[in-house]
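Notebook open, model loaded. I want to look up the salt bridges, then the overall build of the chain.

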Amino acid sequence: MRSMLYCPADNPSMMINASVYGADAVIYDLEDAVAEENKDQARILLKELLNSFDLEGTQVIVRINGLDTPWWEEDIKAVLTGKKSVSIRVPKSEEPERIAMLSRCLDSLELERGLQKGSTQLQLLIETPKGLEYAYQLAGASPRVSALGFGAEDYCRMTGIRRGGPLYALDYARSALVNAAAAYGLEFHDCVWGFLDDMEGLEAEAERSRALGAAGKSVIHPKQIKTVNRVFSPTDEEIAWAEQVLASAGGGVTSVNGRMVDAPVIAQAQRILDTARTYGT
């Protein structure tokens with residue numbers, strides 16, 4: 001996924017309209033965007049939305065409360081309705097054992113509610129130095145894990161990195177997460193850009209993230225979606241190159257425009273074209 005729009009799960013009007021802005025997915029947030037006193041209300045609203053509104057064509061992700069809080073179990077019970085398939089985004093993921101425990105809880109809920117076993121995917125949000133150190137183990141903690149995500153604000157607070165400073169400051173974290181995700185065939189989704197009036201900064205950070213291997217980026221405002229979708233979509237030049245590579249592929253090693261073409265390059269070209277077809281670019 002290229003773009004994932006966060007939406008607080010205690011704001012009915014925003015929840016209903018979140019799917020119309022062109023993001024590849026909507027993240028309904030039960031965690032940071034919802035005050036403690038509103039947790040129950042948000043859960044009820046989200047359950048009603050999933051049961052009552054036509055969200056066909058919209059990929060729905062729910063960011064539950066952390067596994068160290070008293071709320072996460074009620075969160076997953078509310079959103080596994082069977083009416084709409086959802087992915088679960090797990091904040092502050094640090095311990096593989098907790099992810100395995102969550103997966104077992106989902107096994108039980110899916111069985112109880114007549115859902116296909118394993119159909120609820122997990123996206124693990126890495127937000128701390130400890131989580132980063134365990135990223136490889138987290139990626140392999142359950143077959144349900146489909147993506148790793150990056151939460152930069154807490155990570156920067158804990159490491160002393162200045163958010164919005166030099167773009168290279170987060171290269172290590174992003175590269176480590178890209179590598180951990182790729183080891184299991186997963187996507188890596190980059191962090192939000194919180195400076196809403198700095199669209200040039202958003203584009204620059206998105207381009208750097210893509211260069212490091214990110215598949216997409218979370219966003220916190222609809223005006224950020226168009227930029228993120230464009231940056232994480234193949235360019236016309238990339239598509240033309242990929243088509244040339246596949247047209248030249250006939251076994252063995254060849255070259256296109258002076259570049260050697262072998263099996264890994266062919267696979268990369270196919271991936272570019274698959275992405276272009278998926279998003280209509």
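Which residue does E95 form a salt bridge with, at 3.1 Å between the closest N and O atoms? I looked it up, and the partner is R98. My cut-off for a salt bridge is a side-chain nitrogen of Lys or Arg within 4 Å of a carboxyl oxygen of Asp or Glu.

Before going on, I note that this is a predicted model, where local features need pLDDT of at least 70, side-chain atom pairs count only at pLDDT 80 or more, and totals for chains, interfaces and linings use all residues. Residues are numbered from 1 along each chain as its sequence is written, and side-chain values use heavy atoms, with hydrogens and water left out.

**Entry: around E95.** I checked accessibility next (buried is under 20% relative accessible area, exposed over 50%, partly exposed in between, with a 1.4 Å probe and protein chains only). E95 is partly exposed at 29%, and R98 is partly exposed at 33%. E95 also forms a salt bridge with K130, with the closest N and O atoms 3.4 Å apart. That pair links distant parts of the chain, 35 residues apart: E95 lies in the loop between β4 (86-90) and α4 (96-112), and K130 in helix α5 (residues 129-133). I take helices (H or I, at least four residues) and strands (E, at least two) as DSSP runs, numbered from the N terminus. K130 is partly exposed, at 37% relative accessibility.

**Entry: helix α12.** I found a salt bridge between R277 and D274, at 3.4 Å from N to O. The two sit three residues apart in helix α12 (residues 263-279), so about one helical turn separates them. R277 is exposed at 58%, while D274 is partly exposed at 37%. Elsewhere, salt bridges with shared partners join D29, E31, R63, K92, E127, D154 and R157 into one network. My count of salt bridges comes to 26.

**Entry: whole chain.** I count twelve helices and ten strands. The radius of gyration (over C-alpha atoms) is 19 Å, close to the 19 Å from the globule rule (2.2 Å times the number of residues to the power 0.38) for 281 residues, so the chain is as compact as a globular protein of that length. I get a C-alpha trace spanning about 60 × 45 × 35 Å along its principal axes. Buried residues make up 47% of the 281. Of the contacts (heavy atoms within 4.5 Å) with a separation of 6 or more, 69% come from residues 24 or more positions apart.
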